[in-house]
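Please read them with the structure open.

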Amino acid sequence: MAVPFDKLESADLVVDTVYKGGKVSGKASEVLHRLLPNCSNSGGFRKVMRKDGSGLPAYVVLYTSMQELAWPDYLDEETGIFRYYGDNRTPGKTILDTPRKGNQLLELVFDCLNSRDGSIKDVPPFLIFKKCGVGWDVQFLGLAAPGNPKISPDKDLVAFWRTMDGQRFQNYEAYFTVLDTQVPINREWLNALIYHHDDSLPYAPDVWKKFINQGRNGIVPLIAKKVTKIPTRYDQLQSDVEGLSCLTKIRDFYKNNPYGFENCAKNILEKMDERFQDFSLTRPWRDGGRDALGYYVIGNGSKANYPLRIDCAMEAKCYADNHSVGVREMSRLISRIKYRQFGVLVTTSYVNEQAYKEVVEDEHPILIISATDIAGVLRRNAITSSNINEWFAILDEADNRDFNRRMSIYNERISNK
């Protein structure tokens, strides 16, 4: 469904509807300032203020392209969780020193969400739009509330460090939930939020009323079960600037040492999930590859009962971002999986569509870890472009110890013959 430009001023907001931009050049064709009362015509954060002198926002527009590798805003349609990055995206300023004060707004909103003094009533509705199509066209992704019942209060707004051009700076990563409104968002509510905020709640969707009354536990997400979708190259490669830098350093470091990357991939897997345990590298294969065998351990830490240990086989490919893992490599891993095993493919690149489709459609038990996953694992483990060489040194030392141990066992077997 699409709403033409000349109908914007009377249109309601319907989830996934496209709102068309104008045909003349310049900001006159911009959509949101015509579609939404008092909305500005630029920026990722667009605050519309109340007219009651409180200095508080009536509602907020979050506008994103969803296409920035360095700042990967993301909506998970299956959970309704929306990840959005703050507006301090270049070095030279503190986390709150931004022209549109977007990060200040995030602090205010999440403070209100997590406080117990009734200030949740000051949390503004968030309207999420995504750039789409051509020109100024946008798509409405939904009405959102800050936080999520499954995300703890200390995780829904997180300040983190980034490095760009050798300079460090901070930004926010914020989590919202798209709400299951079931009805369109009408202009009557938006105008009431601006001009009669204290009396605006009767005009709100029921799901927003529930959120204001119950807070985080009153959030009802819009959940849409996905039809099986093969991740795109972008999906598998997206990362922030720091992550891209680390991936480049990994590729460069192991460019002439492909066997070394298998040990690196093993460590990444163990850092991703501590239940991956006891991995040991196998001998090199004739085709130049080498994998690892280990276990995925499931248990509650009880000393009374043994955990479940599931065999898994890992294969690693250190490729450039324009070199995909194809059918040949994937078929090799599939052929090596034994009965009651599953496989893990770790790559600094991505899996091409045909190979990924084979895994999904034939239901092969393969876990794929691509570049975007690796960048996330490094970030969660405080490995950055400034200290990654220290990590490489630790990995090499461990690999050498493992090699010497295996050679000692081999020599002992030879001498006993």
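1. Asparagine 103 is placed in helix H2, which spans residues 102-114. The model is a predicted one, and in it asparagine 103 is buried, its relative accessible area being 0%. With residues up to four places away in sequence left out, asparagine 103 touches Gly86, Asp87, Asn88, Ile95, Leu96, Thr98, Asn171 and Tyr172.

2. On confidence, the average pLDDT of the protein is 89, and 93% of the residues score at least 70. Residues 285-290 need a separate remark: the pLDDT over this stretch is below 50.

3. Isoleucine 219 belongs to the loop that runs between helix H4 (206-214) and helix H5 (233-237). Is this residue buried or exposed? Isoleucine 219 has a relative accessible area of 6%; because the cut-off for buried is under 20%, isoleucine 219 counts as buried. Its contacts, leaving aside neighbours within four places in sequence, are Ala145, Pro146, Gly147, Asn148, Pro149, Thr177, Leu179 and Phe211. Of these, Phe211 falls within the range of helix H4 (206-214). A distance for reference: 30 Å separates the C-alpha atoms of isoleucine 219 and asparagine 300, which are 81 residues apart along the chain.

4. Helix H6 (residues 241-253) meets helix H10 (residues 371-380), with axes that come within 9 Å and cross at roughly 105°. The range for roughly perpendicular is 65 to 115 degrees, so H6 and H10 are roughly perpendicular to each other. H6 contributes Gly243, Cys246, Leu247, Ile250 and Arg251 to the contact, and H10 contributes Ala371, Ile374, Ala375 and Leu378. By class, the residues of this contact are seven nonpolar, one polar and one charged.

5. Strand S14 (residues 341-347) is mostly covered, with seven of its seven residues buried. Which residues point to which side of S14? Gln341, Gly343, Leu345 and Thr347 point one way, whereas Phe342, Val344 and Val346 point the other way, and all are buried.

6. S14 pairs with strand S13 (residues 308-317) in the parallel sense, over seven bridges. Within S14, threonine 347 has lysine 317 standing opposite. Threonine 347 is also among the buried residues of S14 listed in the previous point.

Technical notes
Residues numbered from 1 in each chain as written. Predicted model: local features only at pLDDT ≥ 70, side-chain atom pairs only at ≥ 80, totals over all residues. Heavy atoms only, no water. Axes fitted to C-alpha atoms, helices over the stretch in contact; angles between N-to-C directions. Helix = DSSP H or I, 4+ residues; strand = E, 2+ residues; numbered from the N terminus. Parallel < 35°, antiparallel > 145°, perpendicular 65-115°, else oblique. Contact = heavy atoms within 4.5 Å. Nonpolar A, V, L, I, M, F, W, Y, C, P; charged D, E, K, R; others polar. Buried < 20%, exposed > 50% of the residue type's maximum accessible area, 1.4 Å probe, protein only. pLDDT = per-residue confidence, 0-100. Pairing = 2+ DSSP bridges.
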